[in-house]
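Hi,

Here is the structure I promised to pass on. Have a look at it first, then read my notes below.

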Amino acid sequence: MAKTLEYPVIWLQGATCTGCPVSVLNSVSPTIKNLLIDEILPGKHVSLRYQATVMAGCGEQIITAMENTWKQHKGGYILVMEGAIPTRGNGRYCSLGERNGNPVPIGDRAAELGSDALAVIALGTCAAYGGIAAAAPNVSQSVSLPQFFRSAGIKTPTINVPGCPPHPDWFMGTVATVLLTGLPKPEDLDEFGRPKAFYGSLIHENCQRRAYYDEKKFAKKLSDEGCLYELGCKGPVTHADCPTRLWNGGANWCVGSGGMCIGCCSPGFPDLVSPIYQKAPDVSLPNIGAGR
Amino acid sequence: MSRILLDPITRIEGHLKVEVLVDNGAVKEAKSTGTLFRGIELILQGRDPRDAQHITQRICGVCPTSHSIAATLNLDSAFGIADRIPDNGRILRNLILGAAHLSDHILHFYHLAALDYVDVTKVAAYEGKDSALNSVKAFIERGELGPFVPRYEGDYRFPAGVDQELVGHYVQALTVRRKGQEMLAIFGGKIPHNPAVVPGGVTETPSVDKITSFLWRLNDIKDFINNVYLPDVLTVAKTYSDYFEIGVGCRNLLSFGNYDLDGANPDYLARNRLMKSGMISADLKMQPVDPSKIAEYVGNSWYEDSTTGLKPAEGKTAPTENWAKGYSWVKAPRYDGKVYEVGPLARLLVSYVSGQPAVKELVDSALSVAGIQPQALFSVLGRHLARALCAKVLADSMGEWLLQLKPGEPTYVPYEIPEESEGMGLVDGARGALGHWIEIKDKRINRYQCVVPSTWNMSPQDDEGQPGPLEQALIGTKVRDEANPFELVRIVRSFDPCLACAIHVMEPRGRSLARFRVG
């Protein structure tokens with residue numbers, strides 16, 4: 001039997017709510033068990049060396065495991081970063097472990113691990129764009145991972161997989177792409193660094209309530225039938241495939257439940273898509289009716 | 001005297017560090033430290049009050065649903081519609097919260113706590129035909145054991161057969177908890193971070209197909225709780241029975257109760273709830289909760305000292321970078337100056353002592369099977385058992401609620417946002433008593449404050465030097481092997497800590513933020 005190729009993964013958590021890994025736990029096909037235990041693709045296994053939400057060990061022993069993976073697999077491991085990076089107070093707003101008796105800022109960890117990674121996935125809107133952690137007035141002075149890399153002069157390319165949280169398929173699909181074909185080519189990503197495969201179209205283009213919009217049947221209050229645009233839905237300005245992919249094993253999705261799209265995959269979420277229940281300005285809606 | 005540093009603590013939500021000093025084999029001092037600060041309450045200031053439902057869920061991706069419920073109760077009260085939510089809306093909220101809690105309790109026992117008791121590597125010797133266990137065996141044979149190794153070594157007490165069965169349940173529970181999340185999404189839209197629970201009710205409407213789809217996922221979960229989860233907790237309890245005496249803690253318990261069975265009373269704590277609100281101590285005597293007696297102290301936290309001792313409705317806090325003054329981003333909430341533990345244990349014992357019939361019968365029967373007195377529930381195992389029993393009481397009730405839904409009738413009541421108002425939303429989340437407070441001015445959030453379960457449980461010392469509930473549970477614990485301090489992590493995880501929840505701050509009032517725009 002051919003030997004299984006092991007792909008070490010280090011998953012760091014910055015200024016986060018842990019919604020990203022909980023969303024990944026909800027993955028249906030592959031399941032989270034397939035990811036952790038099985039060969040996720042024939043002959044390839046993701047070896048999760050560091051992920052604090054699920055790993056067995058604790059404290060110094062796991063910091064050592066993380067640092068050993070870094071030192072022994074330079075250029076060969078995948079770094080997944082969830083959460084933004086607080087820069088205020090010399091990193092004391094988010095630290096991980098100690099070195100010589102001092103807390104190690106999460107930014108220092110991200111810089112070390114990011115420099116030598118094969119690929120870096122900025123998972124969730126906080127890591128990709130700053131998200132909730134960097135929302136005004138950004139008390140912790142949080143920045144996104146790509147922003148942090150730029151200021152630290154780190155050249156490792158990042159793949160942004162935003163969403164608050166991201167759909168588990170977007171994460172699994174991105175990992176599988178890296179394992180199958182290597183790093184995405186520039187033309188595979190949009191101008192905000194997201195895989196076009198998942199973020200290529202507007203929510204509004206494929207929305208189940210789109211016919212209401214075209215017929216100008218707008219919901220007057222929440223829980224009504226009709227298009228939610230007048231009530232504040234950000235589907236017309238948000239790129240993601242939620243309407244066709246659906247969430248939680250196909251059970252539902254935001255607009256499906258009559259709760260609206262709040263634009264959680266957008267750079268600038270939440271501030272640029274707030275107030276949530278205020279109608280987006282009557283901008284000309286890109287990609288709509290353009291014969292795509 | 002030696003120092004044991006646990007940084008980070010894994011298999012919890014968020015960033016927690018625990019540091020203890022051990023003297024003559026027992027913990028003499030313990031410090032619980034939250035190591036991440038984001039400032040969610042400050043982020044809320046100046047925004048549309050309705051946005052609080054969405055933003056406060058992002059406090060925590062493990063328990064967002066509890067925040068969505070507390071936030072909407074809070075907003076309902078501020079908007080003057082707390083007693084006007086249609087029954088359909090109230091019931092849908094219960095079902096959404098219930099689905100979250102079932103999923104969460106199962107996640108906690110199997111995926112966060114069990115690896116402290118169960119040895120995954122014993123599956124290497126498995127010889128049966130179970131495909132899940134054989135895939136774990138193949139994983140072990142490949143030799144890369146992350147994320148299950150490294151780990152503490154030594155105190156795994158089960159024979160291989162029991163370990164293998166429990167590992168099988170760990171894998172099975174991954175699917176069962178996911179089903180709970182799917183159930184939630186049927187009425188909540190999606191999870192983590194549901195869009196459908198809103199002030200005024202719920203945006204989703206019930207239909208027979210959704211009810212049926214929800215029901216059969218619920219039935220599967222009920223089956224798992226009765227035939228796998230509860231028996232497994234009792235299996236751990238039997239083999240690790242010394243943990244009925246370890247991690248006792250402060251023995252003051254506080255619950256806000258949860259699951260409104262009627263919506264007529266605008267005073268949430270006076271409502272008839274499935275799980276009751278109240279406080280009890282070691283003598284198991286009940287006291288009612290008076291939320292005006294809650295205050296937060298920052299004498300050992302990284303906030304300005306001038307803001308200590310304030311009630312949440314008047315909260316006024318500012319972070320400081322004077323690192324020497326304290327040791328945590330978590331504040332210290334106290335009730336009437338005293339330390340209280342919150343969580344499933346509080347919820348269960350308060351409901352038990354107040355004579356809730358379903359709880360009384362169930363707890364008496366569990367105590368007899370485990371061969372313990374109620375007082376033994378103040379412990380590591382007591383917290384696990386209480387969580388499983390809360391899951392059972394809930395799962396047994398949800399089917400009936402589901403059938404009370406009336407397709408075609410309203411789920412939502414419209415309202416006006418008042419120019420000025422105040423609100424308070426109190427409910428037990430999965431991890432315990434959760435309170436949201438709001439002050440509205442000019443139809444905007446002027447102040448938003450949350451006091452959440454893990455702020456109570458993971459709190460540092462207060463201004464009087466009283467250690468928090470986790471710290472008290474650690475102090476005095478005998479540590480057999482300082483290189484593998486199982487006792488400490490088992491105590492910590494019995495609380496099911498959630499640090500992103502525990503840490504938040506609100507800023508001096510009156511600061512205006514008018515920079516939000518629609519892009």
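Below is what turned up, starting with how to read the model.

This is a predicted model, where local features need pLDDT of at least 70, side-chain atom pairs count only at pLDDT 80 or more, and totals for chains, interfaces and linings use all residues. Residues are numbered from 1 along each chain as its sequence is written, while chains are lettered from A and ligands numbered from 1 in the order in which they are written.

First, the two chains together. Their contact (C-beta atoms, placed from the backbone, within 7 Å) takes 81 residues from chain A and 77 residues from chain B. On the side of chain A that touches chain B, 44 residues are nonpolar, 29 polar and 8 charged (Ala, Val, Leu, Ile, Met, Phe, Trp, Tyr, Cys and Pro count as nonpolar, Asp, Glu, Lys and Arg as charged, the others, Gly among them, as polar).

Next, the inside. Leaving aside neighbours within four places in sequence, Leu389(B) touches Leu348(B), Leu362(B), Val363(B) and Ala366(B).

Ala99(B) is buried, because 30 other C-beta atoms lie within 10 Å (the cut-off is 20 or more, with C-beta atoms placed from the backbone). Phe214(B) is 115 residues from Ala99(B) in sequence, yet 9.3 Å away in space, C-alpha to C-alpha.

Cheers

Notes
Buried ≥ 20, exposed ≤ 12 C-beta atoms within 10 Å, placed from the backbone. Contact = placed C-beta atoms within 7 Å.
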